[in-house]
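Biologist: I would like to learn how to read domain boundaries and a ligand site in a model like this one. Please show me the structure before we start.

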Amino acid sequence: MKIFDTLQRRKVEFVPIEEGKLTMYVCGPTVYNLIHIGNARPMIVFDTFRRYMEYKGYDVNYVSNFTDVDDKIIKAANEEGVSSEVISERYIAECKKDMSDLNVKPATTHPQATKEIDGMIRMIQTLIDKGHAYVAEDGTVYFAVETDPGYGKLSHKDMNAMMSGLRDLQVSGEEQKRNANDFVLWKPKKEGEPYWKSPWCDGRPGWHIECSVMSQKYLGDTIDIHAGGEDLIFPHHENEIAQSECATGKDFCHYWMHNGFLKIDGEKMSKSLGNFFTVRDITAQYDPMVVRLFMLSAQYRTPLNFSRELMEQNKASYERILNCTDKLKDLLKTASGDELSAEEQEQKAKVEEFIREFETAMEDDNNTANAETAVFEIVRLANSTAGEGSSKAYLEYVLGVIRTLCDGVLGVITDRKAEGLDAEIEDLINQRQAARKARDFKTADAIRDQLNAMGIILEDTKDGVKWKRA
Ligand code: AMP
Ligand code: ZN
């Protein structure tokens, strides 16, 4: 498995700390609103990476946090006249619903910042005791970046160039800081804000400390992989490294994975541009599996553009997969034969070739784009080779491969949703058959039109009427 490590700035071979085990931390959302479609990218791409590692037999301990104390949450709470907790708990529940719709596996642990305050106070105290942090007059605790010779190694920033003078600090109202890059570990409470008691002042933690503390608590001092969107490289992840490594004296994390950004029609998504979409907006229009297929259609580090046209393309691709599995399942109802024919043996060898292509793609820094291509090749092969004469063994084999790679690893569910509608459709089809039998063609045609309007296409075959969704 090769991973592009942001810290080393190159693709490197992944070697786990403990053989057969993977410890992974993915920075999760700040919960003050429904998650947007950009937030879904890290969720889906790193969930797929996790699924692949599990497919390879790894025992994965996957942690993803919810940031539930933050200025934006407090603002939303004040606007609604409720507590921050009401806002964060509501949007954690909504986020979990979106994740479930998108078939993102729940993390092994989903810690929340507000439930880990004691651990944060302990780590901050350690940093003060070791001379890496200082307490300002008003009780704010800052991390002193100059005490960490490694500071800047992840974002590859030249810290000397970033050191600003005292005047700059005065201008920005941060004259308490010793250095412009020093960042907040703990800050005093303000009127109307949630706060906790601490040795320095009543207040709340800065943002970065939560991830250092939760990563250590749930995964250990040193972990295999830390991941998130590329906007988190600086300052968030740079600061996490500084806090953790200065507190423990050990390496914080061996590999850093960062996803590229999702843009909308080539532009940055923003409320002011009117191109801001929540996951909920999109899943109201498209099956969440189409969203998933779309998200995985590019390698995770490349920028990805979201457009209606691309969604339509992915919708068609998803329908192709569903039609294939529908066909295989249908054939299996009557198929027999536990042995592959000589010809089927050859087809199986071709499928195995595509499985190798799938694995090669995933081993190359989670290249889901190429992995999807391999799945489409298998679907194409299945469509052209499976038929009435196919053995049960062959059909089961091909369906099993699709289920393992597509459902299992890509997380794209290939079973058509057993919508409550199915019974209604079958019912209409039976009524149409009855009408035809009674030579009432007008009624039969009307029912066919009604079904067409519902997006159902009927096919008259020698085994009776079959239907599929358009
Ligand atoms: P936030 O709630 O802003 O902290 O974001 C949660 C996660 O979503 C982080 O890993 C971000 O880097 C990521 N993220 C936010 N916006 C986008 C975007 N437009 N494209 C891809 N990832 C994003
Ligand atoms: Zn984080």
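Modeller: The chain falls into domain 1 (2-259), domain 2 (279-410) and domain 3 (423-469). Keep in mind that this is a predicted model.

Biologist: How far apart are the centres of domain 2 and domain 3?

Modeller: Taken over C-alpha atoms, the centres of domain 2 and domain 3 are separated by 29 Å. In terms of contact, 4 residues of domain 2 meet 4 residues of domain 3.

Biologist: How do I read the size of such an interface?

Modeller: Interface size is often given as the accessible area that is lost when the parts come together. Here domain 2 and domain 3 bury about 280 Å² between them, and 28% of that is on carbon and sulfur atoms. On the side of domain 2, the residues that lose the most area to domain 3 are Asn323, Asp330 and Glu388, which together make up 76% of what that side buries.

Biologist: How many salt bridges are counted between domain 2 and domain 3, and which side chains meet in a salt bridge?

Modeller: The count between the two domains is 1 salt bridge. The side chains of Lys466 and Asp330 form a salt bridge, at 3.3 Å from N to O. By class, the side of domain 2 that touches domain 3 holds 3 charged residues, 1 polar residue and no nonpolar ones.

Biologist: Now the ligand. Which residues are closest to ligand 1?

Modeller: Ligand 1 is surrounded by 16 residues, the closest being Thr30, Asn39, Gly229, Asp231 and Leu262. By class, the shell around ligand 1 consists of 9 polar, 6 nonpolar and 1 charged residue.

Biologist: Which side chain has an N or O atom 2.4 Å from an oxygen atom of ligand 1?

Modeller: That side chain belongs to Asp231. Two further distances involve a nitrogen atom of ligand 1: a polar side-chain atom of Asn259 lies 3.3 Å from one, and a backbone N or O atom of Gly38 lies 3.2 Å from one. Ligand 1 exposes 490 Å² when taken alone, and the protein buries 88% of that.

Conventions: Residues numbered from 1 in each chain as written. Chains lettered and ligands numbered in written order. Predicted model: local features only at pLDDT ≥ 70, side-chain atom pairs only at ≥ 80, totals over all residues. Heavy atoms only, no water. Domains from an automatic or database assignment. Contact = heavy atoms within 4.5 Å. Buried area = accessible area lost by both parts, 1.4 Å probe. Salt bridge = Lys/Arg side-chain N within 4 Å of Asp/Glu carboxyl O. Nonpolar A, V, L, I, M, F, W, Y, C, P; charged D, E, K, R; others polar. Near = heavy atom within 4 Å. Polar contact = N/O pair within 3.5 Å; in protein donor to acceptor, adjacent residues only side chain to side chain. Areas by Shrake-Rupley, 256 points an atom, 1.4 Å probe, with all protein chains shown as cover.
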